[in-house]
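Hi,

Here is the structure I promised to send over.

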Amino acid sequence: MGILFQTWPWYVSGFLIGMVMLSLIYFGKTFGMSSNLRSLCAMAGMGKKVGFFDFDWKTQRWNLLVVLGAMLGGFVAVHFMSDLSNVDINPKTIVQLTEMGIDAPNGKLLPDALFGNEIFESPKMIAILLIGGILIGFGTRYASGCTSGHAIYGLSSLQLPSLKAVIGFFIGGLIMAHFILPLIF
């Protein structure tokens, strides 16, 4: 059981993700988290109002179980299997975050200044959340998928549009982390 409570090397996790992707490809299934929102909207009957949601969502039931499993697995991992003593952040990153007024995580995975409950008391943070959510939704639809769909499934099935999307994700992340985040905070 001890192996479950420690950080896994990249080659173990990568191998397991690769095996899941190969099995999905073998069975003719596609993977992506954002497509589940479309399935949920179709289940709710939005297909009667918007043509994009008018499809047979029952063919995607298995993918809804993936989302449920991801949420349940995340809950179990954080509350029952996590050892936050091994969270190690580069000291330079901590200094940069402190200069922006963001507290160091101090053994947590996420800083409270960005992910704590007090962000809902600040109009600035609520605006950031709303704008960020809209941009993520637009980008996901514009790129025809989310980061997990493109980076995990799309690249493993050798799709050129997914490679272009993943390169764009990294460039956007670098721009956000180095230029936009310091302006916001």
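Let me start with Pro182, which touches Met100, Met176 and Ala177 once residues up to four places away in sequence are set aside; a contact here means heavy atoms within 4.5 Å. Pro182 sits in helix 8 (residues 160–184), where helices are DSSP runs of H or I with at least four residues, strands are runs of E with at least two, and both are numbered from the N terminus. Pro182 counts as partly exposed because its relative accessibility is 37%; the scale is buried under 20% relative accessible area, exposed over 50% and partly exposed in between, with a 1.4 Å probe and protein chains only.

Before you read on, some housekeeping. This is a predicted model, so local features need pLDDT of at least 70 and side-chain atom pairs count only at pLDDT 80 or more, while totals for chains, interfaces and linings use all residues. Residues are numbered from 1 along each chain as its sequence is written, and side-chain values use heavy atoms, with hydrogens and water left out.

Now the overall picture. The protein has eight helices and zero strands, and its C-alpha atoms fill a box of roughly 50 × 45 × 35 Å along the principal axes. Of the 185 residues, 18% are buried. Among contacts with a separation of 6 or more, 47% are between residues 24 or more positions apart. The accessible surface comes to about 13400 Å², and 71% of that belongs to carbon and sulfur atoms; areas come from the Shrake-Rupley method with a 1.4 Å probe, and for residues only the protein chains shown count as cover.

Asn63, in helix 3 (residues 61–80), counts as buried because its relative accessibility is 0%. Its side chain makes a polar contact of 3.4 Å with the side chain of Ser35. A polar contact is a pair of N or O atoms within 3.5 Å; within protein, one must be able to donate a hydrogen and the other to accept it, and residues adjacent in sequence count only if both atoms are side-chain atoms. Leaving out residues up to four places away in sequence, Asn63 also touches Thr30, Phe31, Gly32 and Asn36, among others.

The other is His150, in helix 7 (residues 147–156). With a relative accessible area of 7%, His150 is buried, and its side chain is joined to that of Ser162 by a polar contact of 2.9 Å. Beyond residues up to four places away in sequence, the residues it touches include Pro161, Ala165, Val166 and Phe169.

Helix 4 (residues 91–99) has something at its start: a side-chain oxygen of Asn90 reaches to within 2.9 Å of the backbone nitrogen of Lys92. After helix 4 comes Gly101, with a positive phi near 85°.

Cys146 counts as buried because its relative accessibility is 12%.

Cheers
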